[in-house]
Amino acid sequence: MSITKRLWLGLGALLAASFAVMLWLGVDLIQTKPPIPDRVVAANGQVLYTKDDIQKGQQVWQSIGGQQLGSVWGHGALIAPDWSADWLHREIVAMLELQARADTGQSYDSMDETDKARTQAAIKPLMRKNTYDAAKNEIVVSNQRAQAISVVAAHYESLFSNDPATRDLREAYAMREDTLPNADSRRAMTGFFFWAAWAAGTDRPGYENRTYTNNWPYEPLIGNRPTSDNFIWSVFSILFMIGGIGLLAWHYAAYHGKEALPTPPAKDPLQGIVITPSMKATAKYFWVVVALFLCQILLGATTAHYQVEGQEAYGFAISEILPYSLTRTWHTQLAVLWIATAWLATGLYIAPAVSGHEPKYQRLGVNFLFVCLLIIVVGSFVGQWFAVMQKMDIKYNFWFGHQGWEYVDIGRFWQAFLFIGLLLWLLLMGRSLWPALKRKDEMSSIVGLLFLSTVAIALFYGAGLMWGEKTHMSVVDYWRWWVVHLWVEGFFEVFAVAVLSFLFVKLGLIRGKSATINVLFATIVYMAGGVLGMFHHLYFSGTTTAAVALGASFSALEVVPLALIGLEAYETWSHSRATPWMERYRWPVMFFLAVSFWNLVGAGLFGFLINTPIALYYMQGLNLTPLHGHTALFGVYGMLGIGLMLFCLRGLRPQVQWPAGLLRGAFWCFNIGLALMALLTLLPMGVLQLNAALENGYWFARSAEFMNRPIIDMLVWMRMPGDMVFATGAILLALFVAMKWLKPKLDAN
């Protein structure tokens with residue numbers, strides 16, 4: 001049996017086993033998720049909340065931006081509090097006050113340390129004891145706790161209105177005035193916040209001192225501390241990473257680079273590719289990529305500025321027109337959209353080049369898909385504005401407004417429309433690649449992997465359609481990470497590796513056989529950790545120990561292929577110097593080199609910083625999370641998208657001169673700007689928050705009291721140099737793309 005065939009069988013077996021475990025853990029999550037009761041009642045019979053209240057509260061929370069305005073269970077935005085942690089702490093404080101007055105007649109704050117400890121010991125079992133009655137499907141709380149719940153609920157009902165008493169807090173949280181004009185909606189949302197906090201502070205049945213969220217958040221007042229599993233599986237995670245790196249290093253030493261590289265051709269082979277009508281039609285996609293990228297940067301600057309002025313931007317009451325939750329929604333959404341558009345357009349450009357075949361009506365399909373993408377972007381953004389501004393009835397929000405789940409925020413109608421668009425993209429890719437798929441040559445496996453990644457990209461976005469309007473939050477999170485982790489971080493990665501391998505083989509820089517083996521091996525290594533590693537996002541989302549164990553173990557393997565990223569970078573650099581005509585591809589290759597660097601730093605170092613259960617327990621939802629997110633999302637996927645775009649533009653306008661100065665400036669501005677953003681703001685702010693969480697509890701690290709400190713304001717302003725350098729790079733890139741069509745200078749060569 002050939003090496004290629006064995007690798008294909010190994011990849012198939014790996015994926016089959018991985019997804020079988022994924023589905024098994026999904027079933028386990030559905031069976032063990034925190035229950036939503038029919039009623040929450042006090043001991044005296046008073047009904048505090050019903051199931052309808054809790055579910056409607058979730059819908060209301062989603063309609064105002066959901067995870068784009070604060071967070072729940074650690075997932076979401078960073079300026080406002082984590083509502084589950086904040087509610088839990090406020091409820092504990094209210095309980096302590098009520099208990100202190102009942103026992104001593106004085107306030108809790110006026111007590112000495114001994115009496116405070118006694119009071120804490122008295123309320124801890126009242127908070128942690130699970131009083132859920134499965135037979136009646138109801139939660140019973142003490143009369144004292146019911147009183148504490150009403151105190152906290154009153155605070156939130158005031159906060160989400162236009163009550164002057166909480167105006168300063170709204171400004172600190174970057175919330176617009178009268179965020180929720182409807183009083184019934186505000187009350188329902190307090191039911192959802194109570195339930196999320198209850199799940200985070202109540203022991204799971206059958207487990208001692210372990211809540212439904214594995215004791216997250218850190219809340220020492222009721223003994224919410226890391227579980228033993230957090231420590232144990234963090235250690236195993238590190239061991240798995242070290243072992244995986246050792247095995248990969250052995251493989252490289254034993255097998256990699258043993259075959260001599262081919263002699264590069266005398267002329268650029270890609271210059272002989274016939275540019276078909278459908279390939280020419282992809283040009284407009286890249287114009288949109290640049291436009292969306294510029295919009296994303298502008299919205300990112302606006303979103304960051306909210307952190308220092310709250311409701312304004314340089315004195316303008318911008319929150320009344322574009323609230324924080326909306327600018328952050330569009331900022332994160334545009335990041336995925338422009339990167340995905342660059343990759344989809346690359347596929348449409350590459351497919352006819354791979355096969356040498358232009359199917360009938362292919363150009364029409366490419367143009368039709370382009371129009372569909374524009375409609376989806378504009379339609380979904382308009383719907384989200386109406387939702388967040390509370391100008392859309394809640395019964396329409398799920399379908400046309402704001403779903404409230406980070407990175408999959410668009411309404412279900414637009415989500416389904418995009419899924420259909422991806423199926424159309426799959427059809428266009430498949431019919432173009434079909435002749436190449438039927439050929440049996442040294443490139444067939446690369447083409448096959450390219451096509452299979454295309455199938456996965458199209459179909460796995462469908463995971464975003466697996467939840468409904470009132471689906472339990474744990475279940476939504478499970479399927480949401482299928483999209484965010486597997487779709488964006490998984491199969492797009494395989495697609496990119498296959499495309500790059502095809503390009504280097506086509507350029508004559510590596511042999512097809514060795515490229516095939518390397519691509520399949522790299523895919524196996526990446527998928528070994530990349531699929532089940534998804535569960536590191538779900539440590540504290542209502543999962544059991546099995547998810548923590550598997551998530552910790554396999555997410556550590558995600559770091560393994562990054563350990564030897566320097567070899568990949570060296571090989572890429574060697575390709576760029578293999579022959580004089582490779583100078584034509586200098587800047588696409590430079591962006592691929594940047595991908596290798598940020599893969600190591602952003603995905604590797606900053607990713608593993610927050611990856612283990614014990615680390616993420618304290619760091620989830622702090623600024624160390626976007627430190628990894630920014631450097632990995634743009635540094636890896638954004639840089640790769642730009643590099644692929646430049647490769648396509650080189651082919652679309654082969655005789656046009658490249659203003660090297662613009663690309664040189666853009667390249668270094670992107671890298672320097674991203675580094676400044678990470679090192680001057682996100683890293684130091686995250687470390688300060690981590691220290692605050694360790695000393696006082698997670699709630700404090702996200703509180704207005706901590707986030708309004710002068711040093712935090714200074715660190716936010718320190719983003720400006722990096723942001724300005726980065727934005728300059730985007731402008732230079734836009735000028736470069738424009739100059740290829742507006743008065744282009746022809747290459748003398």
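**Aromatic packing and overall fold of the predicted chain**

F194 is buried, because its relative accessibility is 0% (buried denotes under 20% relative accessible area, with a 1.4 Å probe and protein chains only). W87 likewise counts as buried, with a relative accessibility of 0%. The model is predicted: local features require pLDDT of at least 70 and side-chain atom pairs pLDDT 80 or more, whereas totals for chains, interfaces and linings use all residues. Residues are numbered from 1 along each chain as its sequence is written, and side-chain values use heavy atoms, without hydrogens and water.

Rings of Phe, Tyr and Trp (its six-membered ring) are paired if their centres lie within 6.5 Å; planes under 30 degrees apart are stacked, over 60 edge-to-face, and the rest tilted. The count under this rule is 57 aromatic pairs. The ring centres of W87 and F194 are 6.3 Å apart and their planes lie at 65°, so this pair is edge-to-face. The pair links distant parts of the chain, 107 residues apart: W87 belongs to helix α3 (residues 83-104) and F194 to helix α7 (residues 183-201). W699 and F700 also form an edge-to-face pair, with 5.5 Å between centres and 75° between planes; both W699 and F700 are buried.

The chain contains 28 helices and six strands (DSSP runs of H or I, at least four residues, and of E, at least two, numbered from the N terminus). Of its 749 residues, 61% are buried. Among contacts (heavy atoms within 4.5 Å) with a separation of 6 or more, 78% involve residues 24 or more positions apart. Along the principal axes, the C-alpha atoms fill a box of roughly 90 × 55 × 45 Å.

How values were computed
Buried < 20%, exposed > 50% of the residue type's maximum accessible area, 1.4 Å probe, protein only.
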